[in-house]
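Open the model in your viewer and colour it by secondary structure.

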Amino acid sequence: MEKVINSMVNKITIRKQLSFLILCVALIVIFLISMLSNILINKNFERYVVQQQEKKTKELIENIGLQYDSKSDTWQNDMIHAIGMYALYDGYILKIYNNHGISIWDTEKHDMSLCQSVMNQIVTRMEKEYPKLHGAITTKTYPILRGENQIGTAVLEYYGPYFLDENDFQFLKALNKILVSTACISFLGAFVVGSMIAKKISKPIINTVFMTKEISCGNYEVRLEEKTSIQELQQLVTSVNILADSLEKQERLRKQLTADVSHELRTPLTTVSTHLEAMIEGLWEPTKERLESCQEELSRLTHLVKDLEKLEKAESDVIKLKREPINMRELMDSVLMILEAEIYRKQLRVCILGETNPIFVDRDRIHQVMLNLLTNAIKYTKEGGKIFISFMDQKDAILMKIEDTGIGISKEEQPFIFERFYRADKSRNRKTGGSGIGLAIVHSIVKAHGGQIEVISEVDKGSQFLIKLPRKNESNT
Ligand code: ADP
């Protein structure tokens, strides 16, 4: 036991395990999505930057070409100056030569220190952020065209194969920030949702564990009110509730049976014991009558024990009925044969009506039902009385009625006569020798066959016991 408890202490709770698992899955998914989107964004952005640079260079060269006046073979120096400076701020050092190789513009010559500072800024930034690019200052020469004719040559010096300016970096940084924040929010969301799901799944299980513990401690009244949308868990909760129900019922029956049996045993045992004591101590003469009275009590006890055995058998056989096709009328005839002597002694008139098709029932059990009902009818009917037995065939059941013109049962007592040890009018029954188990056995057997039993009775007029047995084709249930 200690071992079991120790091993349970070392285990992680289902809630923690589930939360952890959900969180891990969420983390992996978030990480993969972030990684992939980062790679994709960077790749596309690089392509976009390269395209933009090509476009910019093309426009720059075209713009330079526009500054040439072919008629006077001169260049608009002011504009060339402006273009050169703009290009420098964009990260390009520009040199322009005419067709004779004479320099028209050279940004480096114009402002060497500015050129160095701009290029240094770009190189430092790129080497820091894109060390794997292994970039370097690159020089590219472009022909300057005017229509079909070349009017000069432009040389561009820049950080190649491509570089990102300040705005590009800002844009990428903002994008990364958004990605990180989305990942953090998703992680938080996954944590909250994961905990909620884990709680939803684990709560009914935890409650079921608690309930089973309570049951094992003998507290059968606990029930789970849990409602869950998870089918299997709902089934588990329902099954445990059913289990608790049946255990509670069993426990009640057990207690009731113990109480009933001890109560039933007490009276005859006390009587026999006091009689014998008195006789041993010499207070009473051991006369024939007194010894007979003791024997009577003892035979009542034997009878009671036999009845208890029958009841126990009837109740435990509930699940193992041996069904076979039975002709009820024939079975009733065999029961009447057993009781023939008693019927004759009391000068009773017995009448049987109706025929039925065979029905699948347990022969011995139904025999017991008929025997108990007829014994009662004979026992509680005065001499010269009548007993009517009738059968009726229905589509999916058989009706059997046993009616007598006996002493009847009062309305108040009718609801209890099928309970164990219940005897209507106790003083009267002590004389008749009944133990109050016969009808409990009848009730158990009829219920085991899926049937119903009903009583209609009036004091001093008689009683009717109606039994309905459903037809079943299976030979076993
Ligand atoms: P018992 O062994 O006392 O007859 P039962 O369980 O067979 O026990 O019956 C319970 C009680 O129901 C009886 O004590 C009796 O008072 C009443 N009872 C049963 N059948 C009849 C009947 N046919 N007529 C009148 N009373 C009956």
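Start with the open sheet: four strands in the order S4-S3-S6-S5, with antiparallel pairing. Strands here are DSSP E runs of at least two residues and helices are H or I runs of at least four, numbered from the N terminus; two strands pair if DSSP finds at least two bridges between them. This is a predicted model, in which local features need pLDDT of at least 70 and side-chain atom pairs count only at pLDDT 80 or more, while totals for chains, interfaces and linings use all residues. Residues are numbered from 1 along each chain as its sequence is written, and side-chain values use heavy atoms, with hydrogens and water left out.

Pick Tyr142: its bridge partner in S6 is Ala154.

Show helix H3 (residues 77–90), which packs on the sheet and touches S3 (93–98) and S4. Contact means heavy atoms within 4.5 Å. Then show helix H5 (residues 112–129), which also packs on the sheet, touching S3, S5 and S6.

Finish at helix H2 (residues 14–66), where Ile28 is found. Is Ile28 buried or exposed? Ile28 counts as exposed because its relative accessibility is 52%; buried means under 20% relative accessible area, exposed over 50%, and partly exposed in between (1.4 Å probe, protein chains only).

Methods: Axes are lines fitted to C-alpha atoms, for helices over the stretch in contact, and angles run from 0 to 180 degrees between N-to-C directions.
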